[in-house]
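Please open the model in your viewer and keep the sequence panel at hand.

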2 protein chains.
Amino acid sequence: MLKMSHDSSKKMKKVCSSIEGGSDLDVAIQKNLEAVDVFQIEIDNLNMKASEEILKIEQKYNQQRKPIFKKRGEVIKNIQNFWFTAIMNHPDLSSIVDEREEECLQFLNKIEVEEFEDIRSGYQIEFHFDENPFFENAVLIKEFHLEPVGSPNSQSTQIKWKDNNDLTKNTDNNFGKSGGRKRRLESKSFFLWFIDNVDPVSDDIAEIFKDDLWQNPLQYYLVPDIEETNAPENDE
Amino acid sequence: MLKMSHDSSKKMKKVCSSIEGGSDLDVAIQKNLEAVDVFQIEIDNLNMKASEEILKIEQKYNQQRKPIFKKRGEVIKNIQNFWFTAIMNHPDLSSIVDEREEECLQFLNKIEVEEFEDIRSGYQIEFHFDENPFFENAVLIKEFHLEPVGSPNSQSTQIKWKDNNDLTKNTDNNFGKSGGRKRRLESKSFFLWFIDNVDPVSDDIAEIFKDDLWQNPLQYYLVPDIEETNAPENDE
Ligand SMILES: [Ca+2]
Ligand SMILES: [Ca+2]
Ligand SMILES: [Mg+2]
Ligand SMILES: [Mg+2]
């Protein structure tokens with residue numbers, strides 16, 4: 001609905017000059033096309049204003065959500081394996097976690113998603129870890145720079161693996177074939193996803209972290225408990 | 001960002017009652033989970049408020065765009081084959097127009113997209129036709145009812161075909177194989193798309209009409225002129 005396009009007037013000029021000196025019919029068409037173009041400019045301006053107002057609202061609410069997310073993060077830190085459990089219960093995320101990564105992700109104590117000041121320009125996902133046998137970093141950050149200009153790109157913290165523990169090497173490439181894990185989302189592992197910055201625009205996994213897990217991790221943390229509670233007990 | 005989920009407190013109660021009488025650790029986890037749930041309710045409330053404010057802005061600008069679209073439609077009526085040309089120049093729409101349909105769509109004198117009062121609830125696309133040898137109707141309307149409850153559905157005007165001119169019968173099923181038409185979007189023809197109300201939620205063609213062609217038809221009407229104007233002249 002808010003698609004911008006300010007280039008029709010440029011095209012217009014070319015068309016008009018190309019049909020200069022044409023018949024009366026051409027002139028009539030030209031006049032009508034110019035009128036359509038004026039309407040288009042009015043629509044584009046309204047779209048731009050609408051986008052700006054919507055952006056302001058999103059920014060306002062982002063600011064209001066931020067302290068709540070912060071406090072949430074501090075409470076979550078006290079719940080052993082909260083993020084690991086939520087990830088492993090998530091229908092799309094669990095499938096990217098390799099067996100050896102499961103061990104590692106139990107050291108995850110905080111996830112934070114931070115949108116940049118101008119929320120259109122991008123966001124970053126932070127993974128905070130307790131001291132662990134796999135790498136030296138306390139935080140692994142994956143940043144997505146999406147707009148306004150230049151080709152979109154993403155960057156991720158260089159992981160300082162401890163000896164022989166580089167989980168992006170020797171990943172178990174067969175794990176997708178066994179077990180009940182349905183969707184593999186391009187069969188990456190968590191850390192292969194983390195270090196891969198080839199296609200930031202269609203990074204499904206990043207979007208699941210940002211728009212789904214981060215927005216409501218509790219529902220994923222809780223899900224299996226619920227199902228157990230509700231499950232019919234057949235073994236009596 | 002605005003995903004709603006008000007059901008975690010319900011899940012919560014079940015979890016809490018299921019760990020009643022547990023150890024001190026259980027009690028601590030329960031307290032923390034309850035705190036996370038309170039944050040989640042606060043976030044859900046902010047999301048709901050943000051959605052409402054954004055909806056109001058969209059409705060406000062829809063109202064402002066409406067009279068411009070109306071006036072645009074009246075001017076476009078004076079430009080012979082405007083909509084037909086725009087459709088045939090559109091990279092995704094041209095591919096659904098069957099050869100016999102091309103003849104018919106030249107009688108199209110107006111397209112209108114109207115969002116329903118509550119824009120979340122759906123929209124309709126109207127195709128207005130001059131008198132023509134194919135059908136009796138002056139207007140063909142395809143309506144999409146998307147929210148808030150019940151399964152989404154679409155409906156389209158019953159087309160009163162004139163004898164032997166039903167374009168949904170005898171469509172040339174081979175046309176996709178010839179010519180330079182790249183994307184077939186499920187190989188429908190225009191009228192097969194129009195009468196098909198099986199999957200209103202992922203109706204790509206409807207969305208192209210609504211979010212792309214309708215928003216700026218002039219760019220498609222003009223495109224080939226431009227390319228001719230700019231094309232290098234190699235045959236001298
Ligand atoms: Ca941070
Ligand atoms: Ca109408
Ligand atoms: Mg947190
Ligand atoms: Mg119109």
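Is A:Leu218 buried or exposed? Select A:Leu218 in this predicted model: the residue is buried, because its relative accessible area is 0%, where buried means under 20% relative accessible area, exposed over 50% and partly exposed in between, computed with a 1.4 Å probe on protein chains only. A:Leu218 belongs to helix H7 (residues 217-230) of chain A; helices (H or I, at least four residues) and strands (E, at least two) are DSSP runs, numbered from the N terminus.

**Conventions and confidence**

Residues are numbered from 1 along each chain as its sequence is written, and chains are lettered from A and ligands numbered from 1 in the order in which they are written. Local features need pLDDT of at least 70, and side-chain atom pairs count only at pLDDT 80 or more, while totals for chains, interfaces and linings use all residues; side-chain values use heavy atoms, with hydrogens and water left out.

Colour chain A by pLDDT, the predictor's confidence in each residue, from 0 to 100. The average for chain A is 83, and 77% of its residues score at least 70. Now select residues 173-185 of chain A, where pLDDT stays under 50. For this stretch the model has 21 contacts beyond four places in sequence, a contact meaning heavy atoms within 4.5 Å. Residues 225-236 of chain A also have a pLDDT below 50, and this stretch has six contacts beyond near neighbours in sequence. Where pLDDT is low, the predicted coordinates should not be read in detail. For the complex, the predictor gives an ipTM of 0.79 and a pTM of 0.76.

**Chain A as a whole**

Display chain A as a cartoon. Its secondary structure comprises seven helices and four strands, and from the N terminus the order of elements is α-α-α-α-β-β-β-β-α-α-α. Among the 236 residues of chain A, 46% are buried. Of the contacts in chain A with a separation of 6 or more, 61% are between residues 24 or more positions apart.

**Helix H6 in both chains**

Select residues 204-213 of chain A, which form helix H6. Why is H6(A) described as largely enclosed by the rest of the structure? The reason is that seven of its ten residues are buried. At the start of H6(A), find A:Asp203, which has a side-chain oxygen within 3.2 Å of the backbone nitrogen of A:Ile205.

Next, centre on A:Asp211, also in H6 of chain A. A:Asp211 counts as partly exposed because its relative accessible area is 25%. Its side chain is joined to that of A:Lys210 by a polar contact of 3.1 Å; such a contact is a pair of N or O atoms within 3.5 Å, where within protein one must be able to donate a hydrogen and the other to accept it, and residues adjacent in sequence count only if both atoms are side-chain atoms. A:Val113 lies 98 residues away from A:Asp211 along the chain, with 9.4 Å between the C-alpha atoms.

Move to residues 204-213 of chain B. This helix, H6, is mostly covered, with seven of its ten residues buried, including B:Phe209 and B:Lys210. Continue to B:Asn216, in the loop between H6 and helix H7 (217-230) of chain B. B:Asn216 is buried because its relative accessibility is 4%, and a polar atom of its side chain lies 3.4 Å from the backbone nitrogen of B:Leu218.

**Two asparagines with positive phi**

Select A:Asn81, in the loop between helix H2 (24-77) and helix H3 (82-89) of chain A. Its phi is positive, at about 60°, although A:Asn81 is not a glycine. In chain B, select B:Asn81, in the loop between H2 and helix H3 (82-89); its phi is positive too, near 60°. Most residues other than glycine have a negative phi.

**The largest cavity**

Finally, select B:Gln59, B:Asn62, B:Gln63, B:Lys66, B:Glu115, B:Phe116, B:Glu117 and B:Ile119, which line the largest cavity. On a 1 Å grid over the protein atoms alone, a cavity is a set of points where a 1.4 Å probe fits but cannot get out, and lining residues have an atom within 4 Å of a point. The volume of the largest cavity is about 60 Å³, a volume being the space filled by probe spheres set on the points, which are joined across faces, edges and corners. Helix H2 (residues 24-76) of chain B gives the most to this lining, with four residues.

How values were computed: On a 1 Å grid over the protein atoms alone, a cavity is a set of points where a 1.4 Å probe fits but cannot get out, and a pocket is an open set with protein on both sides within 12 Å along at least five of seven lines; lining residues have an atom within 4 Å of a point.
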